[in-house]
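Thanks for coming. I will go through one model this morning, starting with a helix and then moving to the core and the aromatic rings.

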Amino acid sequence: MHMSAAGDIFELQSRLCDVPELVRRGIGAEQLAQNEIALSHSGHVIGVWRAARGRFLFIPAGYRQAAFDTASVDGAVHYTIEHLSAPLVS
């Protein structure tokens, strides 16, 4: 049985908020809608994760289309760690 989009996005948000590397870089995740979270750095949104039909779609800020999609929370977390290169908070 598959979780709802809201359950999926909550799980992803919880996981991202627990990644020390993202916390150190000052990247936060907050819920925008039932199936969306925004990733932000210094008060600026840098991208949105959307859960839809059992998949996670990453839409970078300023884009209309997803740049990446995956079926797993692990894949979404890994992509976020590897591709969001906010500078270290000084």
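In H1, the buried residues are Gly-7, Asp-8, Ile-9, Leu-12, Gln-13 and Leu-16, where buried means under 20% relative accessible area with a 1.4 Å probe, protein chains only. This is a predicted model, in which local features need pLDDT of at least 70, side-chain atom pairs count only at pLDDT 80 or more, and totals for chains, interfaces and linings use all residues. Residues are numbered from 1 along each chain as its sequence is written, and side-chain values use heavy atoms, with hydrogens and water left out.

Helices are DSSP runs of H or I with at least four residues, strands are E runs of at least two, and both are numbered from the N terminus. The buried residues of H1 pack against H2, E1, E2, E3, E4 and H3; contact here is heavy atoms within 4.5 Å.

Next, the core. The largest nonpolar core has 18 residues, and Leu-12, Leu-16, Ile-37, Leu-39, Trp-49 and Phe-56 have the most contacts inside it. Such a core is a set of buried Ala, Val, Leu, Ile, Met, Phe, Trp, Tyr and Cys residues joined through side-chain atoms within 4.5 Å. H3 gives the most to this core, four residues.

Last, the rings. The whole structure holds five aromatic pairs, meaning Phe, Tyr or Trp (six-membered) ring centres within 6.5 Å; planes under 30 degrees apart are stacked, over 60 edge-to-face, the rest tilted. Phe-58 and Tyr-79 form a tilted pair at 5.6 Å centre to centre, with 55 degrees between the planes. Phe-58 lies in E4 and Tyr-79 in H3, so the pair ties together parts 21 residues apart in sequence.

Methods:
Buried means under 20% relative accessible area, exposed over 50%, partly exposed in between (1.4 Å probe, protein chains only).
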